[in-house]
Amino acid sequence: MTELRNEMDSDLDQNYSLNSNADPKNMQELTIYVQNLLQNVQDKFQTMSDQIITRIDDMGNRIDDLEKSIADLMNQAGIEGQGPEK
C-alpha cells in the first residue's frame, strides 16, 4: 500500500506540477493543459482501479485454493464435510 501511495505522489509531482515552462499563455493553452491533466488523472485512476480488481481476483483465487486444500486434508483425515449443525 505504501508503494502505491509513493508511486501516486511521484506521478503527481512529475505530471501535474506547474512550473515556469508549462504555464499556459492563453485560454486555448489552458484548455489543452486542463484536458491533458484530466486525461492523466483518469488514466491513473483506471490503472489503479484495474490493479485493485486484479488483487481482489487473486485473493479470491487464493481463498478457493485454501478451501480446496482444507477439504482435501479433511478427506485424508477421514472427516467428511458435515456442514453446519442444525
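Reply: A salt bridge is a side-chain nitrogen of Lys or Arg within 4 Å of a carboxyl oxygen of Asp or Glu. In this predicted model, the side chains of K68 and D72 meet in such a bridge, with 3.2 Å from N to O, and the structure holds one salt bridge.

Me: Where do K68 and D72 sit in helix α2, and how many residues apart are they?

Reply: Helix α2 covers residues 27-76, and because K68 and D72 are four residues apart in that helix, about one helical turn separates them.

Me: What does α2 look like in terms of its span and its number of residues?

Reply: The expected span is 1.5 Å times one less than the number of residues. With 50 residues, α2 reaches 73 Å from its first C-alpha to its last, which is close to the expected 74 Å.

Me: Which residue caps the N-terminal end of α2, and what follows just after the helix?

Reply: The cap is N26, which has a side-chain oxygen 3.1 Å from the backbone nitrogen of Q28; just after α2, G78 takes a positive phi of about 85°.

Me: Which residues form a nonpolar patch on the surface?

Reply: The patch consists of M27, L30, V34 and L38, which together have about 380 Å² of accessible area. M27 lies in helix α2 and is exposed, its relative accessible area being 62%.

How values were computed
Residues are numbered from 1 along each chain as its sequence is written. This is a predicted model: local features need pLDDT of at least 70, side-chain atom pairs count only at pLDDT 80 or more; totals for chains, interfaces and linings use all residues. Side-chain values use heavy atoms; hydrogens and water are left out. Helices (H or I, at least four residues) and strands (E, at least two) are DSSP runs, numbered from the N terminus. Patches are made of residues with over 30% relative accessible area and no salt bridge: like charges are joined within 9 Å, nonpolar side chains (Val, Leu, Ile, Met, Phe, Trp, Tyr) within 5 Å. Accessible areas come from the Shrake-Rupley method with a 1.4 Å probe; for residues, only the protein chains shown count as cover. Buried means under 20% relative accessible area, exposed over 50%, partly exposed in between (1.4 Å probe, protein chains only). A polar contact is a pair of N or O atoms within 3.5 Å; within protein, one must be able to donate a hydrogen and the other to accept it, and residues adjacent in sequence count only if both atoms are side-chain atoms.
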